[in-house]
Amino acid sequence: MRLDKLLAHSGYGTRKEVKSYIRQGLVSVNGNIIKKDDYHVDQHLDKIMIDGEYVNYEEYVYYMLNKPAGYVSATTDNRYPTVVELIDDYYRDDLFPIGRLDIDTEGLLILSNDGKLSHELLSPKKHCPKIYYARVKGIVDENDIELFMKGIQLEDFTCQSSILKIININNGISEVTVEIYEGKFHQIKRMFLSLGKEVLYLKRLQMNNLKLDENLKIGQYRRLTDEELNRLKNQSVIQ
Ligand code: URA
């Protein structure tokens, strides 16, 4: 990788700015000052320093976002802002959301540049569990719990047995959690609609073994910890 690209991708400035640092002699590779911005480095092996500080180039990055409503789960969109735009401490253009939440859905979304993890979590064969909190118009009852357990039939698809739990019912609105194992378009909303009930609010709480950090306010994000990432990777194959 070019030295100027590596520095820009590591957050040390724009391509123009880091070129200027290189020319000023502020950058060394394995102890030697390098003044050529097109100098090629091995990002895994070379020890790169800028202004006396070691550069830590991370190949893969993993973020947990508490997605707000109004943002699309995509990398580009010509009508709405995207979830990628919310991650403002990332300096490359290879970040994408792992899976999709509807524009009006909030909660846990993982963003990464790791295609392998994305495949592991999203492959239909892996049956990755996802837990949602929902507010539903109408009274959810034991019969609904049983129907979810048996597997809801949508127009084009029969859902796997899923776990519906009632948290509270008040003024004709039911608060529930639902655990599903697929990720079909509008799946939770369609599951309730098939029972004649409308989802008023939806928030993802958990994906596989990763729980939304309750300290993250809507729109906030943080990196996954090593422990979270290891758990997510090691248990991502669920049969
Ligand atoms: N199910 C839905 O209906 N919407 C989502 O965003 C996620 C699951």
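Author: A definition to begin with: a salt bridge is a side-chain nitrogen of Lys or Arg within 4 Å of a carboxyl oxygen of Asp or Glu. Also, this is a predicted model.
Reader: Fine. How many salt bridges in the whole structure?
Author: The search finds 16 salt bridges.
Reader: Which residue does Asp37 form a salt bridge with?
Author: Asp37 pairs with Arg2. Their closest N and O atoms are 3.7 Å apart.
Reader: And where in the chain are those two?
Author: In distant parts, 35 residues apart. Asp37 is in the loop between strand 2 (32–33) and strand 3 (48–50). Arg2 is in the segment before helix 1 (3–9).
Reader: Why can such side chains pair at all?
Author: Because opposite charges can pair when the charged atoms come close.
Reader: New topic, the ligand. Which pocket does the ligand sit in?
Author: The largest pocket.
Reader: What surrounds the ligand?
Author: Leu101, Asp102, Thr105, Tyr132, His186, Gln187, Ile188, Lys189 and Leu202.
Reader: How do the shell residues divide by type?
Author: Into 4 nonpolar, 3 polar and 2 charged.
Reader: Which helix gives the largest share of the shell?
Author: Helix 5, residues 187–193, with 3 residues.
Reader: What about backbone atoms and the ligand oxygen atoms?
Author: A polar backbone atom of Lys189 is 3.1 Å from a ligand oxygen. For His186, a polar backbone atom is 3.3 Å from a ligand oxygen. For Gln187, a backbone N or O atom lies 3.4 Å from a ligand oxygen.
Reader: And how much of the ligand's accessible area does the protein cover?
Author: The protein covers 96% of the 230 Å² that the ligand has on its own.

Note on methods: Residues are numbered from 1 along each chain as its sequence is written. This is a predicted model: local features need pLDDT of at least 70, side-chain atom pairs count only at pLDDT 80 or more; totals for chains, interfaces and linings use all residues. Side-chain values use heavy atoms; hydrogens and water are left out. A residue is near a molecule or strand if one of its heavy atoms lies within 4 Å of it. A polar contact is a pair of N or O atoms within 3.5 Å; within protein, one must be able to donate a hydrogen and the other to accept it, and residues adjacent in sequence count only if both atoms are side-chain atoms. Accessible areas come from the Shrake-Rupley method with a 1.4 Å probe; for residues, only the protein chains shown count as cover. On a 1 Å grid over the protein atoms alone, a cavity is a set of points where a 1.4 Å probe fits but cannot get out, and a pocket is an open set with protein on both sides within 12 Å along at least five of seven lines; lining residues have an atom within 4 Å of a point. A molecule sits in a cavity or pocket if more than half of its atoms lie within 2 Å of its grid points. Helices (H or I, at least four residues) and strands (E, at least two) are DSSP runs, numbered from the N terminus. Ala, Val, Leu, Ile, Met, Phe, Trp, Tyr, Cys and Pro count as nonpolar, Asp, Glu, Lys and Arg as charged, and the others, Gly among them, as polar.
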